[in-house]
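Dear colleague,

Here is the structure for your files. My notes on its salt bridges follow below.

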Amino acid sequence: MNIPGPDSRIARFLTKICDLIFLNAIFILTGCTIVCLGAAVTSLYMTARELHRERDCTPVKDFLRNLRKAFTASTPAALLLLADLTLLAVLYRARCAETLLFTPELFVLLCIAAVILTAILSYLFPLLACFENTFSKHLGNAVRLALANLPVTFFITAVNLLPVLVILFLPQFFGSFLGAWLLIGAGLGAYVNLFYLQKLFKQYQEHSVSKGGMKP
């Protein structure tokens, strides 16, 4: 019987899965505190980026190191994330309420606002993880990237809203989904999103460097 070597595709795949499980666990432990939430999401993307680069990455150690680096820069983004999570929670409460909390028109407008804010945040945190810049420029770049790359925007936003989509449209599977998400969901989501964002960010990096702007 042939046993896969440490450099085989199967071994590398299993190693990557284990790394993402460890990354997911440390993210949940730190991200459940409001104070660390923004820095935890940024650190999640920073560490997932290192995994993409096939570097010798120790997920827990590198995540904690990145968490300290990202703490201050991520604070404004954390406020936007808290606003988005609050809005999603209010909308879910309104949908499940027995009495009408909003007019149908206002409910639709708030849903659109939540999706747009989630789409912007889906670019904002990876930008914070990959580039050095002021928050206002990161936010402006996130908006421009979201509008200029709608297919990618749709995909990464759907990935980030997947728990909400499951609980709304497939509530019978939410228990199983929650277990999988707690095991690997956030880490895998960041890793998958970065797979599609790498090419965009490469173009973005070349454009920024040519103008003497952001550094990776």
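**Salt bridges**

Asp 62 and Arg 65 both sit in helix 3, three residues apart, which is about one turn of the helix. Helices here are DSSP runs (H or I, at least four residues), numbered from the N terminus, as are strands (E, at least two). This is a predicted model: local features need pLDDT of at least 70, side-chain atom pairs count only at pLDDT 80 or more, and totals for chains, interfaces and linings use all residues. Residues are numbered from 1 along each chain as its sequence is written, and side-chain values use heavy atoms, with hydrogens and water left out.

The structure holds two salt bridges (a side-chain nitrogen of Lys or Arg within 4 Å of a carboxyl oxygen of Asp or Glu). One of them joins the side chains of Asp 62 and Arg 65, at 2.8 Å from N to O. In the other, Arg 65 pairs with Glu 50, and the closest N and O atoms are 3.1 Å apart. This pair links distant parts of the chain: Arg 65 belongs to helix 3 (residues 59-70) and Glu 50 to helix 2 (residues 37-52), 15 residues apart.

On accessibility, Asp 62 is buried at 9% relative accessible area, and Glu 50 is buried at 14%. Arg 65 is partly exposed, at 32%. The cut-offs are under 20% for buried and over 50% for exposed, with partly exposed in between (1.4 Å probe, protein chains only).

Regards
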